[in-house]
Amino acid sequence: MDIRVFDTPEETAAALARRVARALADKPSLVLALPTGRTPVATYAELRRLHAAGEADFARATTFNLDEFAGIPPSHPGSFRTFMERHLFQGINLTLSRIQFLDGAAPDLDAECERYEAAIEAAGGIDLLLAGIGANGHIGFNEPADALAARTHRVRLADSTRRDNAPLFGGDVSAVPGEALSMGMRTILEAGAIVLIATGARKARCVERAVRGPVSTHVPASFLQLHRHVELYLDRAAATAL
Ligand code: F6R
């Protein structure tokens with residue numbers, strides 16, 4: 001794993017945004033996979049800034065988000081689709097038809113997961129996958145468990161994950177859906193390159209377990225150790241246990 005440590009969360013975000021802009025310059029038809037959450041917000045702001053400065057062109061790129069809540073439509077204020085519109089999509093020049101998203105309100109959620117896998121394949125696979133990490137070691141919504149699903153699937157969210165996402169639902173944990181759809185570990189590990197971003201002391205322990213611990217379904221992010229091309233973008237606080 002290629003571990004890069006920056007002094008501050010802002011520097012981490014700026015470096016990651018430059019990394020994405022470089023990848024777009026090298027391959028304008030880049031297929032990106034993207035996370036939501038607090039961590040990438042600064043990176044997305046920086047990508048919007050780079051785009052406005054003419055330094056990041058998404059016109060031919062395709063994006064797939066890692067996950068989405070089940071049981072709410074894309075237009076719901078708490079959905080990840082809404083989050084992405086607000087933090088990234090509205091400020092860049094992605095082509096609408098190349099924004100791919102899981103639909104948590106699809107009538108048949110298993111069929112929706114299969115549709116997503118087929119769409120990833122039809123796009124030629126994911127070139128560059130950005131991911132955050134949950135304090136419990138989850139990646140996407142692959143929660144710690146005795147077994148992990150390989151492909152895009154329905155998942156029951158851990159209580160800690162629902163608490164972490166309560167701010168998207170007005171702070172009301174009971175309003176956070178209990179289920180989500182998520183790319184599976186194999187879907188994630190088939191990406192050409194994976195960049196994990198983590199900032200803040202709260203992530204130090206899970207980063208250490210993901211990077212140095214045994215590969216375990218109880219720390220889903222530890223599966224990244226099996227991939228040939230993983231980069232970690234960390235601030236000093238998140239790197240303290242390494
Ligand atoms: C969300 C996702 C999650 C988050 C993780 C970290 O799309 O895939 O795995 O990356 O929960 O979230 P933050 O950045 O809020 O700590």
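Reader: Which backbone oxygen does the side chain of Thr 82 reach?

Author: A polar contact is a pair of N or O atoms within 3.5 Å; within protein, one must be able to donate a hydrogen and the other to accept it, and residues adjacent in sequence count only if both atoms are side-chain atoms. Here the side chain of Thr 82 reaches the backbone oxygen of His 76 at 2.6 Å. This is a predicted model, where local features need pLDDT of at least 70, side-chain atom pairs count only at pLDDT 80 or more, and totals for chains, interfaces and linings use all residues. Residues are numbered from 1 along each chain as its sequence is written, and side-chain values use heavy atoms, with hydrogens and water left out.

Reader: Where does Thr 82 lie, and is Thr 82 buried or exposed?

Author: Thr 82 lies in helix α3, residues 80-87 (helices are DSSP runs of H or I with at least four residues, strands are runs of E with at least two, and both are numbered from the N terminus). Thr 82 is buried, at a relative accessible area of 17% (buried means under 20%, exposed over 50%, partly exposed in between, with a 1.4 Å probe and protein chains only). Leaving aside neighbours within four places in sequence, Thr 82 is in contact with Pro 74, Ser 75, His 76 and Pro 77 (contact means heavy atoms within 4.5 Å).

Reader: Which backbone oxygen does the side chain of His 227 reach?

Author: That of Ala 191, at 2.6 Å. His 227 is placed in the loop between α7 (204-212) and β10 (230-235), and is buried at a relative accessible area of 13%. Beyond four places in sequence, His 227 has contacts with Leu 189, Ala 191, Gly 192, Ala 193 and Ile 194.

Reader: How many residues surround the ligand?

Author: A residue counts if one of its heavy atoms lies within 4 Å of the molecule. There are 14, and the closest are Thr 39, Asp 67, His 138, Gly 140 and Lys 203. A polar side-chain atom of Asp 67 lies 2.6 Å from an oxygen atom of the ligand. For Gly 140, a backbone N or O atom lies 2.7 Å from a ligand oxygen atom. The ligand taken alone exposes 410 Å², and the protein buries 92% of that (Shrake-Rupley method with a 1.4 Å probe).

Reader: Which residues is Gly 134 in contact with, leaving aside its neighbours within four places in sequence?

Author: Lys 203 and Cys 206. Gly 134 lies in the loop between β6 (128-131) and β7 (153-156), and is buried at 6% relative accessible area.
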